[in-house]
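Please look over the model shown here.

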Amino acid sequence: MEITEIIQLNKQRSQIFLDTGESFVLYKGEIRILKLKAGSAISEETYNSIIKGILPKRCKLRAMNLLKTKDYTAYQLKRKLLDSGYPDYIADEAIDYVKQYGYVNDNRYALSYVSSKLQTTGRNEIKQKLIQKGLSKEVIDGAFLQFEEEDISGRQTWEMEAEVIRKTLVKKGYHEGLEYEDKQKLLAYFYRRGFDIELVRRVMDEHLT
């Protein structure tokens with residue numbers, strides 16, 4: 001196994017590339033102590049000390065530090081770890097580690113997101129945002145279902161969404177004499193924010209009665 005290239009990332013860290021196609025990031029002091037140089041061979045013992053010792057421990061600490069400031073889905077956290085230069089399988093190992101302690105829980109994340117956003121945002125937009133965060137359809141649908149079952153007020157999410165639409169219609173001065181073009185603009189407004197258009201139309205009709 002040979003080191004093909006060492007690229008300096010900043011004053012403290014450099015990325016080491018191997019002829020196997022693998023790469024990882026180490027601190028300059030570690031590179032010096034391990035006597036790693038471009039064009040030289042890396043022993044199996046040294047390689048294992050990096051892959052099984054240095055990097056897994058550091059990656060877990062990195063994951064824990066990231067989670068101190070905000071919640072992440074497993075997908076988001078993995079992207080962060082990969083962007084920090086950790087190999088894919090070491091990032092997975094770190095995520096498994098924090099998962100077993102409950103620090104990463106996609107179901108909990110989805111439920112929390114739905115609970116915080118549903119007062120102002122349509123279901124479709126919420127779903128799209130959660131998909132972008134790497135959550136599956138099953139997890140997202142489960143979060144909506146759980147929220148509906150646990151909602152203290154007993155209201156369903158559709159009714160909550162309808163209430164948001166009603167308040168918005170009042171705020172925007174929606175009335176029976178509104179021009180067709182202005183009505184379409186209002187529908188487009190709700191559509192862009194992920195509200196169900198059929199629900200919007202129904203609430204609009206109810207608003208005028």
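The report covers salt bridges, a charged patch and a strand pair.

This is a predicted model: local features need pLDDT of at least 70, side-chain atom pairs count only at pLDDT 80 or more, and totals for chains, interfaces and linings use all residues. Residues are numbered from 1 along each chain as its sequence is written, and side-chain values use heavy atoms, with hydrogens and water left out.

**Salt bridges**

The structure holds 7 salt bridges (a side-chain nitrogen of Lys or Arg within 4 Å of a carboxyl oxygen of Asp or Glu). The table lists some of them.

| Pair | N to O distance |
|---|---|
| Lys-78 and Asp-88 | 3.0 Å |
| Lys-78 and Asp-92 | 2.9 Å |
| Glu-181 and Lys-185 | 3.8 Å |

Glu-181 and Lys-185 both sit in helix 9, 4 residues apart (helices are DSSP runs of H or I, at least four residues; strands are runs of E, at least two; both are numbered from the N terminus). Both residues are exposed (buried means under 20% relative accessible area, exposed over 50%, partly exposed in between, with a 1.4 Å probe and protein chains only). Shared partners join Lys-78, Asp-88 and Asp-92 into one network. Asp-88 counts as partly exposed because its relative accessibility is 41%. Asp-92 is also partly exposed, at 30%.

**Hairpin**

Strand 2 (residues 13-18) and strand 3 run antiparallel, joined by 5 bridges (pairing needs at least two DSSP bridges). Arg-13 has Tyr-27 of strand 3 as its bridge partner. The hairpin leaves 4 residues between the strands, and Gly-21 in the turn has a positive phi of about 95°. Strand 3 (residues 23-27) has 4 of its 5 residues buried, so the rest of the structure largely encloses it.
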